[in-house]
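Here are my notes on the model, as numbered points. Please read them with the structure open.

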Amino acid sequence: RIERNNVAIGVQVKNIEANKTRLSVKQQKHLEENVLLLQEALAFCNAHGIQVIGITPPYPHLIYMAMSQQDNLYKDMVTILPAQLKSIFSSQGATFYDLSDISLYGGNDTEFIDPVHGTDLLYARMSLYLASRDAVFGVKVNSSVLRDMIKGSKGSFLAQ
């Protein structure tokens with residue numbers, strides 16, 4: 001799995017580096033429509049006392065670095081978009097965290113099942129990170145149990 005992931009991550013990094021495109025007018029319009037739908041959903045939640053915590057998905061570190069160092073739509077995905085989403089969430093009384101950079105919470109590229117999906121260990125790390133920064137989320141998570149689970153993990157998963 002790890003070797004297969006390393007190869008797939010390398011391919012994705014090369015594709016990111018070779019891509020010089022920006023959003024087309026049609027894609028930009030579609031994005032704006034989705035933002036309006038998001039604002040409506042968040043407003044509904046706010047009006048009904050539903051607490052929302054938004055996050056960006058994690059990327060393997062090599063992919064995240066490639067995305068952040070390009071001048072294309074990928075860089076926008078890890079720089080501009082999270083800032084916009086944070087503003088949108090905040091305006092509707094919700095919170096938002098950019099968790100795309102796994103180094104923030106001690107994640108590792110080996111903690112991905114494939115280049116897109118993290119293991120339970122990676123998501124445990126993310127949850128512990130969120131619990132320490134978000135009061136609403138923090139009361140829902142037993143941080144000491146989570147810390148012990150992470151500490152007791154072997155390899156890329158919580159239980160093996």
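1. Start with the contacts. In this predicted model, residues 24 or more positions apart make up 68% of the protein chain's contacts with a separation of 6 or more.

2. Overall make-up. The protein chain has 8 helices and 2 strands. From the N terminus, the order is α-α-β-α-α-α-β-α-α-α.

3. Extent and surface. Along the principal axes, the C-alpha atoms fill a box of roughly 45 × 45 × 20 Å. The chain has 160 residues, and 37% of them count as buried. Its accessible surface is about 9,500 Å². Carbon and sulfur atoms hold 58% of that surface.

4. Helix H6, length. H6 covers residues 120-133. Its 14 residues should span 20 Å at 1.5 Å a residue, and its end C-alpha atoms are 20 Å apart, so the two values agree.

5. Helix H6, burial. The buried residues are Leu121, Leu122, Ala124, Arg125, Met126, Leu128, Tyr129, Leu130 and Ala131. Note that Arg125 is on this list. What do the buried residues of H6 pack against? Their partners are strand E1 (53-55), strand E2 (95-97), helix H7 (135-138) and H8.

6. H6 against H8, geometry. Helix H8 spans residues 143-151. The two helices pack at an angle of about 145°, with axes 10 Å apart. Their crossing is left-handed.

7. H6 against H8, residues. From H6 come Leu121, Ala124, Arg125, Ser127, Leu128 and Ala131. They meet Ser143, Leu146, Arg147 and Ile150 of H8. By class, the contact holds 6 nonpolar, 2 polar and 2 charged residues. Arg125 is both buried and part of this contact.

Terms used
Residues numbered from 1 in each chain as written. Predicted model: local features only at pLDDT ≥ 70, side-chain atom pairs only at ≥ 80, totals over all residues. Heavy atoms only, no water. Axes fitted to C-alpha atoms, helices over the stretch in contact; angles between N-to-C directions. Helix = DSSP H or I, 4+ residues; strand = E, 2+ residues; numbered from the N terminus. Left-handed = near helix turned anticlockwise from the far one by under 90°. Contact = heavy atoms within 4.5 Å. Nonpolar A, V, L, I, M, F, W, Y, C, P; charged D, E, K, R; others polar. Expected span 1.5 Å × (residues − 1). Buried < 20%, exposed > 50% of the residue type's maximum accessible area, 1.4 Å probe, protein only. Areas by Shrake-Rupley, 256 points an atom, 1.4 Å probe, with all protein chains shown as cover.
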